[in-house]
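This report describes one protein chain for a reader who has not seen it before. Please look over the sequence and the structure first.

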Amino acid sequence: MEKALSSGGLVGGAVAALRPDRAAPEGFLRASPAPALADGFARQFAALDLGTNNCRLLVARPVGGGFRVVDAFSRIVRLGEGLAATGALSDAAMTRTLDALRVCAAKIAARKVSAGRYVATEACRRAANCEAFLTRVRDEVGLEIEIISSREEARLVVAGCAPLLHPRIPNAIVFDIGGGSTEIVWLRLVRGPDGRRRPHILGAVSLPFGVVTLTDRFGGAEVSPATYRLMIAEAAAALVPFERNHRILRHVRDGRVQMLGSSGTVTTLAGIHLALPRYIRAFVDGSMLTFEQIAAVSAHLAGLDFDGRAANPCIGRERADLVLSGCAVLDAICATWPVGRLRVADRGVREGILLDLMQG
């Protein structure tokens with residue numbers, strides 16, 4: 001798959017807050033300015049990402065050459081819980097998700113959003129009853145949610161994360177360990193007519209597992225060392241064809257590859273490594289983890305029981321059974337492409353949608 005991302009101003013040093021060596025201020029991302037309304041107030045835009053594990057909303061308005069988040073919502077709904085076994089969304093999962101979507105719809109209405117895009121990913125791509133569920137969402141909640149392809153999901157992740165890519169490192173692996181799938185993107189930074197480097201996707205793959213699906217299969221409350229190794233082995237085996245097709249490792253060995261992770265797994269590990277008393281996005285987004293630090297935190301979590309993981313303020317009880325599945329996938333990615341360090345992104349699909357809307 002090859003597609004250039006024309007996201008004006010996404011990469012480069014035009015805004016100091018988006019230099020590759022530091023994260024953007026919380027709630028601020030670069031975008032082309034959208035026109036103001038006739039009364040002089042900036043338009044507001046909404047992006048909703050309904051995943052296998054989370055329901056997440058951002059509402060933002062343009063500010064100067066960027067945008068600032070004015071409202072946000074995130075709730076773990078586990079829409080894809082049990083999906084691997086039954087092939088369908090469960091009644092309990094749909095009820096949890098409808099409750100979360102009602103909150104999102106109320107926020108969108110209260111903010112008088114000018115334009116929005118509301119998308120669903122892997123759980124709805126797989127579930128036999130997802131069209132019926134989305135009809136319920138439309139009728140009961142008033143939101144039109146579209147099921148996007150894994151290709152479009154990858155494009156949006158890259159668009160949302162592009163400000164954190166270092167413009168002087170020519171290639172990048174960008175990944176998102178989701179609830180039901182793991183997106184891997186291989187890209188090159190190409191200089192445009194304006195001299196700025198923008199991501200050009202050379203290849204992408206959607207692996208059919210994420211933290212929810214792996215936890216459903218292998219368990220998450222109690223994970224033995226042997227089970228943890230099995231999860232790593234399965235993820236590593238799934239990466240082999242992508243590596244064989246694109247020969248990424250040779251570029252890694254030449255020092256021409258950077259790595260960026262957009263997922264709850266990498267942001268959680270960053271929060272734990274930083275010993276945060278609670279999860280603070282401003283400290284995590286744009287931070288860097290070495291592979292040694294990733295290995296140390298993963299090994300520490302693997303040595304804890306469920307209650308021990310739940311006690312960490314960056315994990316909590318809702319995700320204590322999921323975190324080791326994510327660590328196993330991350331371990332496999334790091335072993336396959338030993339870049340040595342990883343840029344952490346607390347951004348992705350929603351930010352990509354907002355950039356699209358503001359530039360449209």
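## Overview

A residue is called buried when its relative accessible area is under 20%. By that cut-off, 54% of the 360 residues in the chain are buried. The model is predicted.

The chain holds 14 helices and 13 strands. Taking the contacts between residues at least 6 apart in sequence, 73% join residues at least 24 apart.

In soluble globular proteins, nonpolar side chains tend to be buried together. The largest nonpolar core here has 52 residues, and those that touch the most other members are F175, I184, L301, L330, I333 and W337. Helix α13, residues 323–336, contributes nine residues to this core, the most of any element.

Apart from neighbours within four places in sequence, W337 is in contact with I173, I184, L239, F242, E243, I248, L249, V252, M259 and F291. One of these partners, I184, is also listed among the core members that touch the most others.

## Packing of α9 and α11

Two packed helices are described by the angle between their axes and the distance between the axes. Helix α9 covers residues 264–273 and helix α11 covers residues 291–302; their axes come within 10 Å and cross at roughly 90°. Angles of 65 to 115 degrees count as roughly perpendicular, so α9 is roughly perpendicular to α11.

On the α9 side, the contact is made by L269, I272 and H273. On the α11 side, Q293, I294, V297, S298 and L301 take part. Together the residues of this contact divide into five nonpolar, three polar and no charged. L301 of α11 also belongs to the largest nonpolar core.

## Cysteines

A disulfide is a covalent bond between the sulfur atoms of two cysteines. Pairs of cysteine sulfur atoms within 2.5 Å are counted as disulfides, and the count comes to one. The pair is C124 and C130, with sulfur atoms 2.5 Å apart. The link of C124 and C130 is right-handed, with 65° about the S-S bond.

Are these two cysteines buried or exposed? C124 has a relative accessible area of 4%, so C124 is buried. C130 is buried too, at 1%.

Terms used:
Residues numbered from 1 in each chain as written. Predicted model: local features only at pLDDT ≥ 70, side-chain atom pairs only at ≥ 80, totals over all residues. Heavy atoms only, no water. Core = buried A, V, L, I, M, F, W, Y, C linked by side-chain atoms within 4.5 Å. Buried < 20%, exposed > 50% of the residue type's maximum accessible area, 1.4 Å probe, protein only. Helix = DSSP H or I, 4+ residues; strand = E, 2+ residues; numbered from the N terminus. Contact = heavy atoms within 4.5 Å. Axes fitted to C-alpha atoms, helices over the stretch in contact; angles between N-to-C directions. Parallel < 35°, antiparallel > 145°, perpendicular 65-115°, else oblique. Nonpolar A, V, L, I, M, F, W, Y, C, P; charged D, E, K, R; others polar.
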